[in-house]
Amino acid sequence: MFPTQRDSLENTLTETEARYSSQLSQVQYLITNVESQLAEIRSDLERQNQEYQVLLDVRARLECEINTYRGLLESEDCKLPCNPCATTNACGSAGSCVSNSCAPCTPCVPRPRCGPCNSFMR
């Protein structure tokens with residue numbers, strides 16, 4: 001090999017190594033960026049999952065309270081006369097219907113009440 005040809009090949013090799021080294025640095029920078037974005041996304045997802053679990057617990061407790069209040073209201077409804085003719089206000093005198101709108105009393109069946117809510121203790 002001639003010295004000029006050898007020098008030319010060495011220069012080409014050095015330029016190629018420099019170009020690939022630069023490209024490798026760029027790719028490593030991109031990988032680092034994507035990894036940090038993934039870590040941020042992962043922490044956001046974990047935070048959102050925790051918030052979702054809290055919301056589910058709140059929902060479960062609210063549904064339990066609603067069921068409790070519904071049961072209390074229904075038990076109070078059962079204590080009220082279910083035949084409007086049975087009151088003096090509806091017909092003027094107890095038991096005497098003025099119109100045929102009086103229906104026989106149907107027995108109240110209370111709905112089951114919600115048990116203690118421990119769903120927030122997961």
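**Entry 1: overall make-up**

I looked up the secondary structure first, and the protein chain comes to two helices and zero strands. I note here that I am working from a predicted model, so that every entry below is a reading of that model. Of the 122 residues in the protein chain, buried residues make up 5%. The accessible surface of the chain comes to about 10,500 Å², and I find that 58% of that surface belongs to carbon and sulfur atoms. Turning to contacts in the chain with a separation of 6 or more, I see that residues 24 or more positions apart account for 52% of them.

**Entry 2: helix α1**

I then went to helix α1, which covers residues 3-79, and checked its length against expectation. With 77 residues at 1.5 Å a residue, α1 should span 114 Å; I find its end C-alpha atoms 112 Å apart, which agrees with that expectation. Which residues of α1 are buried? They are Asp57, Cys64, Gly71 and Glu74, and I note that each of these falls under 20% relative accessible area, because that is the cut-off for calling a residue buried.

**Entry 3: salt bridges**

I recorded next that the structure holds four salt bridges.

Arg6 and Glu10 are four residues apart in helix α1, so they are separated by about one helical turn. Glu10 has a relative accessibility of 37% and therefore counts as partly exposed.

Further along, the side chains of Arg59 and Glu63 meet in a salt bridge of 3.0 Å, again taken from N to O. I see that this pair, too, is four residues apart in α1, which means a separation of about one helical turn. For Glu63 I noted a relative accessible area of 39%, so this residue is partly exposed.

**Entry 4: the network around Arg47**

What is linked in a network of salt bridges together with Arg47? I find that Asp44 and Glu51 are linked with Arg47 in this network. For the pair of Arg47 and Asp44, the salt bridge between the side chains comes to 3.9 Å, N to O, a value that still counts because the cut-off for a salt bridge is 4 Å. Both residues lie in helix α1, three residues apart, about one turn of the helix.

**Entry 5: a polar contact at Arg70**

I looked at Arg70, which has its place in helix α1, and found a polar contact of 3.1 Å that joins its side chain to the side chain of Asn67. The relative accessible area of Arg70 is 35%, so I list Arg70 as partly exposed.

**Entry 6: a nonpolar patch**

Last, I asked which residues form a nonpolar patch on the surface. The patch is formed by Val34, Leu38, Ile41 and Leu45, and together they have about 360 Å² of accessible area. I followed up Val34, whose place is in helix α1; its relative accessibility is 43%, so Val34 counts as partly exposed.

Conventions: Residues are numbered from 1 along each chain as its sequence is written. This is a predicted model: local features need pLDDT of at least 70, side-chain atom pairs count only at pLDDT 80 or more; totals for chains, interfaces and linings use all residues. Side-chain values use heavy atoms; hydrogens and water are left out. Patches are made of residues with over 30% relative accessible area and no salt bridge: like charges are joined within 9 Å, nonpolar side chains (Val, Leu, Ile, Met, Phe, Trp, Tyr) within 5 Å. Accessible areas come from the Shrake-Rupley method with a 1.4 Å probe; for residues, only the protein chains shown count as cover. Buried means under 20% relative accessible area, exposed over 50%, partly exposed in between (1.4 Å probe, protein chains only). A polar contact is a pair of N or O atoms within 3.5 Å; within protein, one must be able to donate a hydrogen and the other to accept it, and residues adjacent in sequence count only if both atoms are side-chain atoms. The expected span of a helix is 1.5 Å times one less than its number of residues. Contact means heavy atoms within 4.5 Å.
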